[in-house]
Amino acid sequence: MVLSREAIAIGTELPGPRSRALLAERRRWVSAGVAEARHGIFFERADGARLVDVDGNQFLDFGGGIGCLNAGHSAPRVMDRALAQLQKLQHACFMVAPYEPYVALARKLCEIVPVPGPSKAALFNSGAEAVENAVKIARRATGRPAVLAFDPGFHGRTLLALTLTSKTTPYRDGFGPFAPEVYRAPIPDTLRRPRGTSVEQCVERGIAELHRFLKSTVSPASIACAVIEPVLGEGGFIVPPREFLLEVARVCKQHGIVLVADEVQTGFGRTGRMFACQLSGLEPDIVCLAKSLSNGFPLSAVVGRAELMDAPQPGGLGGTFGGNPVACAAALGAIETLEHDGLLERAAALGAEVERRFASFADRFPFVGEARGVGAMRALELVRDRETLEPDKQRTERVLDLAAGRGVLLLSAGLGGNVIRTLMPLVMSDAELDEGLCVLEKCLAEVA
Ligand SMILES: Cc1ncc(COP(=O)(O)O)c(C=O)c1O
């Protein structure tokens, strides 16, 4: 595909006429419960880190379909493998007419996922489904009912995954009753720690609070699994303190609780390592994967210690579409791209530059409450005032709207909707990154 050499090329008003027509159709035919993109722009094609809309305008993509495109839009190895598979076998259902790509992917995942000892995998369709199945496996293996999750985590929108998820509006409102036996403990909030206390004291308090929670609210003996994101995604790119993560792991080990790492958003190179667990030395029993696993094809995976993965009765896991052969082929191509094209190193390099620029934004703009993150998973938290740290959702939305109008697509996150996050394809060039960050800086200056 030949695209403009300039990364950003806007030739119409935004949204353009074709986008506006599609938006009207969308509003007529698509459920209002499916969130509408704020900018109202519809897209037609993409390559690398660039997206082209239906009116021919070209944008820089800092959202990657919510973190699904670490290997880049139209990644050649992904496309080649998916197309070749599509021509051979499109669907058969692995449970009734099995095929090689499922087994090949399961083997590859077991080789690269940091679960200690022999491991096995099962494939599903979405991140939420991976989380639900991890819980089922842990319950079956332990014979225990309870699930420990963490605030403000996000684990998906299906009812059990949603019960583990923290944000009321828009995720939880009106969708109860929720699944029983799910308990959410807080992750220490080092940014909003009490005045005059150090980060270390805040973490110590957080760990003490966790132990109190296990005395007051749910007994460790009844917990099947603890589900935690090694870096929070939708929750606002919060990096849980390493000591806290390791204490959760220690408690799990002590009480026979299955430790589930939800790497749906952090996985496949986003943090500069293949998996974020590798940054903190966390050794989970089970890992949930989706998003960039297959570079955008609907596919998820649960990879875990073999004896846990073998606990469910045959037929207890699975589904009609789980581990679709084309999606599996795409995933093998995506992993090959990450491994052979140096994209983990690229994530670290992109992240270092974003870190440097975000730090300068924090110096320049008093409404930046914090610049944080790991690898290419970076965030700017916008606040009304640095003393109160009150979230500034309005200003965040204005920045995102202005950036979209200038050809840069960014996403927000966080309980307060006040965090700007980077989930760009890791194939983004230095020039593209610079162009995007310059636009973001201008937008921040405009709302100052
Ligand atoms: C950490 C995490 N877990 C689970 C999910 C749910 O994934 P899906 O939207 O594919 O169901 C998400 C989605 O953003 C996520 O970030």
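A polar contact is a pair of N or O atoms within 3.5 Å; within protein, one atom must be able to donate a hydrogen and the other to accept it, and residues adjacent in sequence count only if both atoms are side-chain atoms. The model is predicted: local features need pLDDT of at least 70, side-chain atom pairs count only at pLDDT 80 or more, and totals for chains, interfaces and linings use all residues. Residues are numbered from 1 along each chain as its sequence is written, and side-chain values use heavy atoms, with hydrogens and water left out.

View 1. S300 belongs to strand β10, residues 300-305 (strands are DSSP runs of E with at least two residues, helices runs of H or I with at least four, numbered from the N terminus). A polar atom of the S300 side chain lies 2.7 Å from the backbone oxygen of S126. The backbone nitrogen of N125 is 3.4 Å from a polar atom of that S300 side chain. S300 has a relative accessible area of 0% and is therefore buried (buried means under 20%, exposed over 50%, and partly exposed in between, with a 1.4 Å probe and protein chains only).

View 2. The shell consists of S126, G127, A128, F154, H155, G156, E229, E234, D262, V264, Q265 and K291, where a residue is near the ligand if one of its heavy atoms lies within 4 Å of it. By class, three shell residues are nonpolar, five polar and four charged (Ala, Val, Leu, Ile, Met, Phe, Trp, Tyr, Cys and Pro count as nonpolar, Asp, Glu, Lys and Arg as charged, and the others, Gly among them, as polar).

**View 3. Polar atoms facing the ligand.** A polar backbone atom of A128 is 2.8 Å from an oxygen atom of the ligand. A nitrogen atom of the ligand lies 3.5 Å from a backbone N or O atom of F154. In the side chain of K291, an N or O atom is 3.0 Å from a ligand oxygen atom. The protein buries 85% of the 390 Å² that the ligand exposes when taken alone (Shrake-Rupley method, 1.4 Å probe; for residues, only the protein chains shown count as cover).

**View 4. Residue D363 in helix α13.** Helix α13, residues 343-364, contains D363. With a relative accessible area of 70%, D363 is classed as exposed. D363 and T169 are separated by 194 residues in sequence and by 32 Å in space, C-alpha to C-alpha.
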